[in-house]
Amino acid sequence: MASMAFRIFFLALLLLASPFLQVVRCQSDAETESEEAVVDDATDLGIVGEEELDYGDGSFSAAPGVDTVCVFPKNSARLVVAGEETEILAGVKNNGDSSLNVLAIKASVHYTFDHRLLIQNLSAVTFNNASVPASSQATFPYLFAVSKYLQSGNFDLVGTIIYEIDQHPYQSTFFNGTIDVAEAGGFLSIESVFLVTLGIALIVLLGLWIHGQIQNLSKKTKRAPKVEVGTKSSDASLDEWLEGTAAYSGSLSNKSKKKK
C-alpha cells in the first residue's frame, strides 16, 4: 500500500515537472542552434584563429595573375595606438584560371630606415575554406596590435597574405607602408614632455642673457668720461699778442698773484 502511494506521488511529480523540463530542453536546443549558427558564420568567413605559422622558411613567390590591395577602414591616417587592436582589410583579386585558397595573413613591424631591423612579428590569422574562385575577388579582415611598450613614431608595416593554388603555396605583400604609432592612455608622451621642458628652459636662458646685455649697455651710457679742455695753450698765444702793451703787464701781475 505504501509502495503504491509512492508510485502515484512520483508520477504526479513527473506530470507537474514536465512543462519545466520541456522549457529547459527548448532553451538548450535554442542555445545549441545559436552556437551552431555562430560556428557556421565563422566557417563561412573562414577565420580559424591566431597561431604561429610554420611554412618552412616562410618565403614564397607571388602567383601570377593575383593582385592584392589593403584598406584601413575609417582610419585613413593609419594611426595605430600601441597595445590596442587595429583592423585592416586585405583584398585579393584572382585573375588566374584556377581557384586559390587563402591560408593565412601575417604582418611585421620594421624600422623605416632599414627593413632588416625587425621590431615585432605580429600574430598571424589562419583561414579555413577561404577560397577565391577564378576571375573573382574577396576581402579578408586582419586585426593586429603592436606592443604597448612601443614608443610613438613612424614605423613600417609589412602585411603578407599566404595562399595556395593547386596545392602550391604562394604569398603576396598586400601592404608595405608607414604607420603612425601613438602611445595609449596619455595625450603627452615622455619624449614630448622632455622636449617642451627643454624648450622652455632655453627660452628662459635666452631671456636672462638679453636682460643682462641691456643692463650692461645702460651702465656704459651713464658712465660717459668727462673731457677737460686745457687753457695753457690759449693763454700763451694771448700773451704773445699782448706783449709790449699795458694789458700785457696787467696779465703778468694777475698771474703772479695767482701763484702767490
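1. Ile-162 is buried, at 1% relative accessible area; buried means under 20%, exposed over 50%, and partly exposed in between, with a 1.4 Å probe and protein chains only. The residue lies in strand S10 (residues 153-165). Strands are DSSP runs of E of at least two residues, and helices are runs of H or I of at least four, numbered from the N terminus. Between Ile-162 and Phe-60 the C-alpha to C-alpha distance is 8.5 Å, although 102 residues separate them in sequence.

2. This is a predicted model, in which local features need pLDDT of at least 70, side-chain atom pairs count only at pLDDT 80 or more, and totals for chains, interfaces and linings use all residues. Residues are numbered from 1 along each chain as its sequence is written, and side-chain values use heavy atoms, leaving out hydrogens and water.

3. Three strands make an open sheet in the order S2-S4-S9, with antiparallel pairing; two strands pair if DSSP finds at least two bridges between them. Strands S2 (66-71) and S9 (136-144) are at the edges with a single partner strand each, so one side of each has no neighbour in the sheet. From one strand to the next, the twist averages 20°, with axes taken as lines fitted to C-alpha atoms and angles running from 0 to 180 degrees between N-to-C directions.

4. The antiparallel pairing of S2 with strand S4 (residues 86-94) runs over six bridges. Asp-67 stands opposite Lys-93 in S4.

5. Leu-205 lies in helix H2 (residues 190-222). This leucine counts as exposed because its relative accessibility is 55%.
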